[in-house]
Amino acid sequence: MRALLALAALGACSLPDGDYFGHVPAGDELDPRVFRWCNFGEPDYLDPALASSTASSPLISTLFDALTTYGLDGNPVPSLATTWEISDDLRTYTFHLRGDARWTTGRPVTAYDVAYTAIRVADAMTASPNADNLAPIKGVMPALARRVFVLRHDVAPYRAGAVVELATDAEPPDDPNRRAASRALAVRDLGAAPEAAYATVPAGGEVTLVMTSGGRATLPTPAGGGPWAYVHYEHADVDVLGWVPERELDGEPAAGVAFAIRRVARADQPDPLEPGSGSGSDPEPPRPVVTAHGRDLVRSPDALGVRVPDARTIVFETSQPTPFFLPLTDNRALRTTPIEAVSRSPRHWTDPDRIVTSGPMHLAAWRPRDAIELVRSPTYWDPAAVRVERIRVLSVDDQAAATNLYFTGACDATTANVIPSTYLPVLNGEQRGRPYKDYQVSPNLGVYFAWVNTKRLTNRHLRRALALAIDRTQIPRFTHGGEIPTAQLTPGTPIAQLAPADLAACGVARDAPGVALVMTAGELCYVPPPGLDVDLAAAKRELALARAEMGDAFPKTLDYRYNAGAEAHKQIAEYLQAAWGRIGLDVTLSAQDFNSLLADTRAGTYDIARLGNQGNVADTESEFLPLFRCGSPDNRGQYCNPEFERLMDEAKPMRDRRARNAKLREAERVMIEDAPVIPLYVYTLKTLIKPYVRDYGNNVINQPPLWRAWIDKR
Amino acid sequence: MIRFIVRRLLASIVVVFVVASASFLLLHAAPGGPFDTAERRSAVVQRAMEDRYGLNDSLGAQYARELAHLARGDLGRSIKRDLSVNDMIARSAPVSALVGALGLLAAIGLGLVMGVIAAWRRNSRTDYALMGLALVGISIPSFVLGPLLIAELSLRLGWLPPARVDGPAGYVLPAITLGMLYLGTIARLTRGGMIEALGQDYVRTARAKGLPERTVVWKHALRLGVQPVVTYLGPATAALISGSFVVEKIFQIPGLGAAFVDSITEHDYPVLTGVFVFYAVLLVGLNLVVDLAYGLLDPRVREGRA
């Protein structure tokens, strides 16, 4: 692959000496109705709940509306929600929905659709990789673990309606949500006649209860009759969800199974559910462990902190003050999904002939590994926002091919970072003295770093020596992508490049070193503490201390892991090896495939390993610092410092954002001084965009609003 | 004959079973899993994802499920996307086969002509030039040739698209790149066969009768000279149907090879096992056809006395 890239660059070397990289058609050759976009790789899913690939993100935000959506700069802007209120304690988020949003079926998009989307993602059966994005909402994580229930009957001392949890660490003995019917069930839409069923469960067939109508966040029960149950039926080749009148579910296979339960701890409990619960200032009542039976329990979305007071209002309650909740509402996890389409075909409803969408564009065709065609949605509430008729998304999974296609004019723009590293010195002007005008580089909310396994490198001085030995400024000279050298964990924009208003918000001088993370433009800013940047004298001092403390236990060699396949990782590894060699440390290099690297770093069987972290939200508390919490599966350095834990916990209830940031900064300082991680650079986004493309470009979280792009014929 | 075929088919089932079992065990023994990620993910979510696809069941239970699927002719479903493996193969294998067939046809056409001319003008400059070219064709790997062709014919001259098969023009560069793999071999085999054929008595007789040289070479000698090439086409065909992942990657052809390689990095067990089994069935089937052909030619094989 290395030779492939090197040779592909031959083409670049013989390029004509224009302002732009490759063919730029004249205005009258352009078709302003179509935007052709080179994506990288084949999207895994277009279902917002199931998608986890980078390739699917911009398509999903184009197909499915959300409470807020991505602005050109990546910050959330109102979309399905026109206004919202955030409670003073940062724990209650109330969104008011517009009345003119429609699914492509013509049905209005309501708060129940948003709630259903959250309920679906929080259901373990969905197995959504995006469920962690809803973790701040009360009850979501316990629900995913299938360990919380709502009491259906009184079980002394608890009353019906109380939220209880399993009292043991053991697996639940059975699923109390299993139901059966003595006669065949006609699975249908809520309130529909039995004849309108789209699936049938045979008599005695077992289903799983997902939710019941008339709950806190579920659709109201149709007039005249009892509540309806939304059930999942999976058997052989059949996999459907749908509504049936609840009274028809007359069998409960797990009715007699015994569960040891207790009421959940208050912090994670949706308050209005606790019958007779007073104000939050009540002392914690005792929580005795009692035995309940399957018939007493139900896993229900009523245990989640999601409430729909009416069809145009939705309320989320978080278990902690969550200042970063608002930016989570444009994420995949809360991109609305249409219940009627999902029900009929839970895993295949995004096929072009089945899909129902709510976003600016609709799916017209999906040819795997080839192209995806999006067309302007006939029902979107803001038709003026979409200026093209179609977006043709080319699924290209080879960097050289993507760049070549752009060069020949097969696509008008590329997604970020599909440029082979060998092309970069050509594009950025290193080779010909001036850059191409259609090559754009900007900071990304992500940091490239080396984990240090603190369980193996237990000596703090040794770890500090490793971090202090590296001159990061040399790295972009061989990676060529304009990367921003950093010794700080939290990434951001170089302070020297900040806008004046942001500079004021950050409270730093223009000539201050390092980066700053702008959280709200001109208002709120996080300045990470300085890290352990290069200082060879200090590195040698730390090393001497380490040798003195460790004596014979001082390691003879250390091993640095990186993933094979990309030249840059290898070059960086060799550079680090040389730098550590200069202070007298013998470091060997090992290349692995990426999956093995992930497995080994998670298992903790390594010394030092290259990885990185990408943020989805401009908030270090949710995106970067959690990596260093004791026991977190993401904590690949096995770092655990009670002081860091204390500071992070102290920040949690704080309502004043500036004070909170100051506390987080203190926590980050404690962590970075312990050197469980060696930050190297802030990632950049590198994109090729033809000069006639408007309203398309990089933003720091790499979520371009594709639907806004248009072709300027001039 | 019938007994021979039945015996071979029974043996084939054993082969497929062994391939499926070996690939299942080796894939599950490899480090990492399908849902490993560099992104932040809680243990609870990871667990829910693995449970959904039964990855936390015992290996024995997973193996039994896999075999039950296979017994029904169902290669299973991808665990990374909404895709049945049968559909994926049905869609992508013909694409690989088409590109491969085009490449092979080009190689046969050009290779035969090169070989015949080289043999006819044996030890001349023409011969050396053509055989030199054949040697280059054999030696240049497709990951070098492909980008070179793209750089010249697509990026610089703008004659052909650099990637993707949006129309007939898209097939040209991949077919040439793939064809070069076969071209050199075919040209050299043809030259060898032709040199031998041109020395035969019947060719001397044809010349003595005063037939035009063109007729002698292309009509009389070629029939014999081409036989080594025909033998070679068997393995070449098998190779082209299974697709060349390098060429598919360079030119972004949605074929089986590229899909297969992606599944390896994604640890998509059902897809991998499915494709292994498909390849196994394909090879076993082609071998059966070859054996039957031998059997028709040679009674000793048919009777199992060879």
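Apart from neighbours within four places in sequence, B:Gly103 is in contact with B:Ala175, B:Leu178, B:Gly179, B:Tyr182 and B:Leu240. A further residue to look for in this part of the chain is B:Thr177: 74 residues separate it from B:Gly103 along the chain, yet the two C-alpha atoms are 7.5 Å apart.

Another helix of chain B to consider is H1, made up of residues 2-29. With 28 residues at 1.5 Å a residue, H1(B) should span 40 Å, and the distance of 40 Å between its end C-alpha atoms therefore agrees with that expectation. The buried residues of H1(B) are B:Ala20, B:Ser23 and B:Phe24. An α-helix has 3.6 residues a turn, so residues three or four places apart point the same way.

The discussion now turns to the contact between the two chains. Chain A contributes 40 residues and chain B contributes 38 residues. On the side of chain A that touches chain B, at least two residues come from each of helix H1 (2-13), helix H4 (140-144), helix H7 (399-408) and helix H14 (594-603) of chain A. This side of chain A comprises 26 nonpolar, 7 polar and 7 charged residues.

One pairing between the chains can be followed in detail. H7(A) packs with helix H6 of chain B, residues 142-156, at an angle of about 10 degrees, and the axes of the two helices are 11 Å apart. Angles under 35 degrees count as roughly parallel, and H7(A) and H6(B) are therefore roughly parallel to each other. H7(A) makes the contact through A:Ala400, A:Asn404, A:Phe407 and A:Thr408, while H6(B) takes part with B:Pro147, B:Ile150, B:Ser154 and B:Leu155. By type, the residues of this contact are 5 nonpolar and 3 polar, with no charged residue.

It remains to consider the confidence of the prediction. For the complex, the predictor gives an ipTM of 0.87 and a pTM of 0.91. Chain B has a mean pLDDT of 85, with 94% of its residues at 70 or more. Within chain B, confidence is highest in helix H2 (residues 43-52), at 90, and lowest in helix H14 (residues 299-302), at a mean of 55. Where pLDDT is low, the predicted coordinates should not be read in detail.

Methods
Residues numbered from 1 in each chain as written. Chains lettered and ligands numbered in written order. Predicted model: local features only at pLDDT ≥ 70, side-chain atom pairs only at ≥ 80, totals over all residues. Contact = placed C-beta atoms within 7 Å. Helix = DSSP H or I, 4+ residues; strand = E, 2+ residues; numbered from the N terminus. Nonpolar A, V, L, I, M, F, W, Y, C, P; charged D, E, K, R; others polar. pLDDT = per-residue confidence, 0-100. Axes fitted to C-alpha atoms, helices over the stretch in contact; angles between N-to-C directions. Parallel < 35°, antiparallel > 145°, perpendicular 65-115°, else oblique. Expected span 1.5 Å × (residues − 1). Buried ≥ 20, exposed ≤ 12 C-beta atoms within 10 Å, placed from the backbone.
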